[in-house]
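Thanks for making the time this morning. Let me put the structure up, and then I will walk you through it.

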Amino acid sequence: MNLKNAQQEVDTWIKEHGVRYFNELTNMAQLTEEVGEVARIIARRYGEQSEKESDKNKDLGEELADVVFVVLCLANQTGVDLQASFDKKMELKTKRDHDRHHNNEKLAPQPPKGE
């Protein structure tokens, strides 16, 4: 599925099940909330914070999908063709960053832990 199709699928869902889009400010707040949920999982599961028992069953993929859904809503209601914008961004990043990271010592392969 490409982003244009995903935008259409979200728009159809909103019209059939969601009554209408929340306004842009509400969706921005909702996006912030969803990103916070992703951050909580990452901080506890992959970072240095202890994972609470109540967090262990949280699905990172589901939370990331929530972020994508709200981003698609915002794109739809503000008239952004996310596929065109993404394609343009990837082209820009490819030209700008083609060799940028190859000599970054911070990105050198790390030996496995314990060696």
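Before the details, one term: a polar contact here is a pair of N or O atoms within 3.5 Å, where within protein one must be able to donate a hydrogen and the other to accept it, and residues adjacent in sequence count only if both atoms are side-chain atoms. What you see is a predicted model, in which local features need pLDDT of at least 70 and side-chain atom pairs count only at pLDDT 80 or more, while totals for chains, interfaces and linings use all residues. Residues are numbered from 1 along each chain as its sequence is written, and side-chain values use heavy atoms, with hydrogens and water left out.

The chain has four helices and zero strands, where helices (H or I, at least four residues) and strands (E, at least two) are DSSP runs numbered from the N terminus. Its radius of gyration, taken over C-alpha atoms, is 18 Å, well over the 13 Å that the globule rule (2.2 Å times the number of residues to the power 0.38) gives for 115 residues, so the chain is more spread out than a compact globule.

Let me turn to helix 2, residues 24–45, at whose start a side-chain oxygen of Asn23 reaches to within 3.1 Å of the backbone nitrogen of Leu25. Which residues of helix 2 are buried? They are Asn27, Leu31, Glu34, Val38, Ile41 and Arg44, buried meaning under 20% relative accessible area with a 1.4 Å probe, protein chains only. An α-helix has 3.6 residues a turn, so residues three or four places apart point the same way. What covers these buried residues includes helix 3, residues 60–78. Across the chain, buried residues make up 22% of the 115 residues.

Notes. Expected span 1.5 Å × (residues − 1). Buried < 20%, exposed > 50% of the residue type's maximum accessible area, 1.4 Å probe, protein only. Contact = heavy atoms within 4.5 Å.
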